[in-house]
Amino acid sequence: MKKFQSVRGMRDILPSESRAYRALENILISTVQQYGYEEIKTPILEDTNLFIKSIGNGTDIVDKEMYTFVDSKSKSFSMRPEGTASCVRAIIENGLQESINKLWYSGPFFRHERPQKGRYRQFHQFGIEFIGVKTHVADFEIINLANSIWKNIGISPQLKINNIGDPNDRKKYIEILKTYLNKYKSDFDDNEKNKLINNTLRILDSKNPKLKEIIESAPRIEDYISSESQKNFQKLLKLLNDENISYTRDYKLVRGLDYYNNLVFEYTDDTDVTQNTLCAGGRYDFLFKSMCDKEIPALGFAIGMERLLEHIDYKIESSDTVSFYMAILDEKYFSYSQKVSNIIRNISKKYNVSTSYNFSNLKAQLKKANKISANYCVIIGDEEVKNNECQIKDMALGSQKTVNIDELNKYLKPDKNLEYKENE
Ligand code: HAM
């Protein structure tokens, strides 16, 4: 019989991983909410032209990576490869462009890339878009927000930052860069030769060792950026310095999407692997104009959820929930155990109770409680039922206590930071 498999590059997120995913997402949501962001949910499918117009012809995403199909009415749709274009479309379509919008989103995105660790064809992003504020103050705020996220997770990825100027600055610079790179064309592979014509800037972040020195000595975009843009960027750097936010100025950082201007940044982990960008973003002050004829400043970033989870090795606990596992020593006590379960569930919405269906063997049931990382195992046997009690085993400490079920409320106080206190 044919065994079905998930599509290449698209993974199942099983409970062993989804627990960490949910815990991480909860931290991200609560942090961005502290900065005034609200959720937006946009469709997975969009008009293909939306992505061509925003991300740009000549970029890898548009040229090679989109999942595109034509429907029965001959209209071309694409599965969203990123979230910024959809947010801009939604703001314009719903007439929200006159006010400041702070939006977050979380969900799957699709790019037909060569799958490898940290790079999938269906992956998940958690992103924010901050629409309507032009100055370096907004630039600072989103970097500060990203740093709050890292602090709340307990990691410190490295911030790389660059100023790529506005589209006019960039046009001038691209011509100068092209002339320079043309001299070394014989060292380029086919892909790089193609980029030289269609997406010259991306040669700057080529990983080809042959090009390392050529790129190091290339003209820098910095020298072609207007003095006003440079001044703004210096103001941002000053704010970062004042707040002790460390960064590296990376003159080669250009990003793979066309819509950026001025500020671009990335957070990378400290490994040397290729897929080590955990989060990336920047300004896109000209994207609205290309879609609605009105200039509206905007900026944002997106975090790759899989990469971040791999970076922290899935070691993140939900601080919100406490899990109890009912170990029932005889099937005839099942109904008593359900009564106890409901008492525990009613003490706090954060208390999750699951049941063993393998009656009798306590050792096996404790093993299962351990396996599912239960905080507490509630043991119910002859003595407990006779005396209207249960035993509560703290799985981390290994300690165990007999508690009358009418007093569970007192012992499992939710306001005491979840814990059942051994000495009370
Ligand atoms: P991006 O750099 O294309 O930017 O993607 C952001 C992050 O998504 C990457 O840094 C990476 O962590 C993750 N990511 C991208 N592709 C994959 C993949 N194939 N597999 C796993 N993870 C991946 C954007 O998408 C912009 N929309 C970010 C933004 C928001 N800029 C302004 N606002």
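Modeller: Start with E17, which is partly exposed at a relative accessible area of 21%. Partly exposed sits between buried, under 20% relative accessible area, and exposed, over 50% (1.4 Å probe, protein chains only). The model is predicted: local features need pLDDT of at least 70, side-chain atom pairs count only at pLDDT 80 or more, and totals for chains, interfaces and linings use all residues. Residues are numbered from 1 along each chain as its sequence is written, and side-chain values use heavy atoms, with hydrogens and water left out.

E17 pairs with R11 in a salt bridge, the closest N and O atoms being 3.0 Å apart. A salt bridge here needs a side-chain nitrogen of Lys or Arg within 4 Å of a carboxyl oxygen of Asp or Glu. R11 is also partly exposed, at 30% relative accessibility. The whole structure holds 21 salt bridges.

Take D60 and K64 next. Their salt bridge has its closest N and O atoms 3.5 Å apart. Both residues belong to helix α3 (residues 60-65), and because they are 4 residues apart there, about one helical turn separates them. Helices (H or I, at least four residues) and strands (E, at least two) are DSSP runs, numbered from the N terminus. D60 is partly exposed at 24%. K64 is partly exposed as well, with a relative accessible area of 47%.

A third pair spans more than one element. The side chains of E216 and K252 form a salt bridge, 3.4 Å from N to O. E216 is in helix α8 (residues 212-216) and K252 in the loop between β8 and β9, so the pair ties together parts that are 36 residues apart in sequence. Relative accessible area is 48% for E216, which makes this residue partly exposed. K252 is partly exposed too, at 30%. Elsewhere, salt bridges with shared partners link K134, D139, R283 and D285 into one network.

D250 lies in the loop between β8 (248-249) and β9 (261-268). D250 is buried but has no salt bridge; K160, the nearest side chain of opposite charge, is 4.3 Å away. For charge, Lys and Arg count as positive and Asp and Glu as negative; His and the chain ends are not counted. Beyond its neighbours within four places in sequence, D250 contacts K160, I161 and N162. Contact means heavy atoms within 4.5 Å.

L204 is in contact with K252, and with Y173, L177, I215, A218 and V254, leaving aside neighbours within four places in sequence. L204 is one of four residues, with I131, L181 and F288, that touch the most other members of the largest nonpolar core, which has 47 residues. Helix α4 (residues 84-93) gives this core its largest share, 6 residues. A second, separate core has 44 residues, among them L24, Y35, I245 and L309. A nonpolar core is a set of buried Ala, Val, Leu, Ile, Met, Phe, Trp, Tyr and Cys residues joined through side-chain atoms within 4.5 Å.

Two backbone values on either side of β8 deserve a check. Most residues other than glycine have a negative phi. N244 is not a glycine, yet its phi is positive, about 55°. N244 sits in the loop between α9 (227-242) and β8, and is exposed at 70% relative accessibility. N262 also has a positive phi, near 55°, and is not a glycine. N262 belongs to strand β9 and is buried, at 16%.

Helix α9 also carries K235. K235 is partly exposed, with a relative accessible area of 42%.

Last, the ligand. It is surrounded by 27 residues, the closest being E82, R111, E113, Y260 and T277; a residue counts if one of its heavy atoms lies within 4 Å. Polar contacts are pairs of N or O atoms within 3.5 Å; within protein, one must be able to donate a hydrogen and the other to accept it, and residues adjacent in sequence count only if both atoms are side-chain atoms. A polar backbone atom of T277 is 2.8 Å from a ligand oxygen. For Q125, a side-chain N or O atom is 3.0 Å from an oxygen of the ligand. L278 places a backbone N or O atom 3.5 Å from a ligand oxygen.
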